[in-house]
Amino acid sequence: MSCFFRNEDGSLVARSTPSNPTYDLTKRKVIQYINYADGTDTVEGHGTHVSGTVAGALIGTDLTFINYNGHASGAKIAFFDMEDSKHPENGLAYPAIDEFFNCAYSAGAKLHSNSWGGAFNAYDEDTLKMDGYLVDHQDFLAVFAAGNEGNEGYYSIGDPAVSKNILTVGASMNKNNEIGDLAFFSSLGPTFDSRIKPDVVAPGYFTYSARSDGDSAETCQILEMAGTSMATPCVSGTAAQVRQYFATYNPTFNTGCSYTYGSTNLQLSTSTCNSNSNPRGATIKALLVHSGEKMDSYLTGDYETKEPNAPLSNPPDMYQGFGRVSLQNILPYPGIEDILKIHVVEATIGSLNEFSAKVQIGDSTRPFKASLVYMDPQNSVMSTKMVINNLDLIVEDPFGNTYYGNNLAGDDINNVEQVVVYTPTSGTGEW
C-alpha cells in the first residue's frame, strides 16, 4: 500500500460489500473499502491517484513527498472499488445509487468525490436518483468530474455531471503562469436543458499525487496525471476544509463569518458560524461556487478542438462555470484574511415566500458577491427542464439599481445563481 494511506502496523481495513458495509475508525486513513470489483488497483492506477489528492497523508520519517499530501490530509477515506483492474475494458460497476452513496454515508462521510462518468449530455435514471439522494440527505454533497470531451465543444458535459444538485468540476492548467487558463480537454456546458455547467474549475493538467504499484505491499512514489478526474479531488478536499472551518470556527477571535438559519415561514435566527458545525451540502456547494476566480482564457494549444482559443469574460459561462475555486475568497481567518466578511444563510423557504437581508459595503476595492444554491427535487427523465422549483436572486443597491442572478431576470432553469458587483460603492447606504 502507498505511504500516503498505509497504517503504522501495516494492517488493511476489512473489505466489505454494498449490502453489508463496514468501517473501522481506528485505521489511520482508509476506514472503509467496498469491494465491488477486485479489491486492488492497477499499477499507476486512477483510484490511488485521486484518493491521494483528496486526503493522502505521508507516513514515516522520509519527508521527500510531504508537499504532495492531499488537500484534506487530516481526513479519512471511505473507498468504493468500481473497476476490475485486470479487465478495465469491462468498465465501471456500481450498485443502485442509494446503496452506492449509503456505503460512505454510513461511515460518516458527508462528501463524495467521483472521478468518473459518461459522455451523454442527458439525464438517466441514476442521475435522477442522485438528485433525489441529495435532497433526502441534506448534509451530503456529491462532487463529479465534468469529463474530458472539451475538444468536442459545447454540450460536451456528460452524465451524471449534468445533475442539477451535484457539484460539477472542470479542469484548469496547473503552472503558475497558466493557472488562469482552462484546459483544452475540460468538458463544456451547457447541459441539454441549457443549465450552466461546469459549476467550478480547479487545477487538473497536470497533477502529482500518490502512485499505485499494484499489489505491492509497500510503496512511496508519486505520479503525474491529467484530467477533470484530477481536478475533482482538489475541489472535494477543499470542500472538506470548508466543512472543517465551520466545525472548528472560533468566534472569540474571528468575527468575519455569520450564520442565519431556520424557516422563512417561522423564525430565522442569526449567530456565529460555529452554530453550523454540520453544514448542508447546498451550503458547501454555495461556498465553493462563491469562491470562484475568473479564468483568463480557454487554452487549446496545438490540440484540435471545435471551439478555438478564446479569452473568457466574467463568470458564469459554459467554460469555467462560476470560476476557479479559491478559499481565500470565502473564509475569514486572523492573520491570513482579516478584512473579508461572509454571511451564510441556511433557510427553508415556502411557496411564494421570500428572504431578504441588508448589508453595508465597507470596502469598495473588493467585489460584492451574493450566491444562491438549493437542492431541487428529483424530476423525470422525460422532462425538458430539470429544475422544478424556481428561486430567484435579486440584489438592489442604494442608488436604485437592480442586479439579477446570473445576469438574467427570472432565471428559471438554474438552481445556482450569483450576483457580482465588481466595483461597489462603500459607505453610501444599505444594499
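This is a predicted model: local features need pLDDT of at least 70, side-chain atom pairs count only at pLDDT 80 or more; totals for chains, interfaces and linings use all residues.
Hi everyone, let's start with R280, which is partly exposed at a relative accessible area of 25%. Partly exposed here sits between buried, under 20% relative accessible area, and exposed, over 50%, using a 1.4 Å probe and protein chains only.

Residues are numbered from 1 along each chain as its sequence is written, and side-chain values use heavy atoms, with hydrogens and water left out.

Back to R280. Its side chain meets that of E346 in a salt bridge, 4.0 Å from N to O; the term means a side-chain nitrogen of Lys or Arg within 4 Å of a carboxyl oxygen of Asp or Glu. R280 lies in the loop between β12 (268-272) and α5 (281-290), and E346 in strand β15 (residues 342-348), so the pair ties together parts that are 66 residues apart in sequence. Helices (H or I, at least four residues) and strands (E, at least two) are DSSP runs, numbered from the N terminus. E346 is buried, at 8% relative accessibility.

Now, how many salt bridges does the structure hold? There are 11.

Another of them joins D412 and K385, at 3.5 Å from N to O. D412 is partly exposed at 34%, and K385 is partly exposed at 32%.

What about R195 and D193? Their closest N and O atoms are 3.0 Å apart in a salt bridge. R195 is buried at 1%, and D193 is buried at 6%.

Finally, E44, R211 and D213 are linked in a network of salt bridges. Thanks, everyone!
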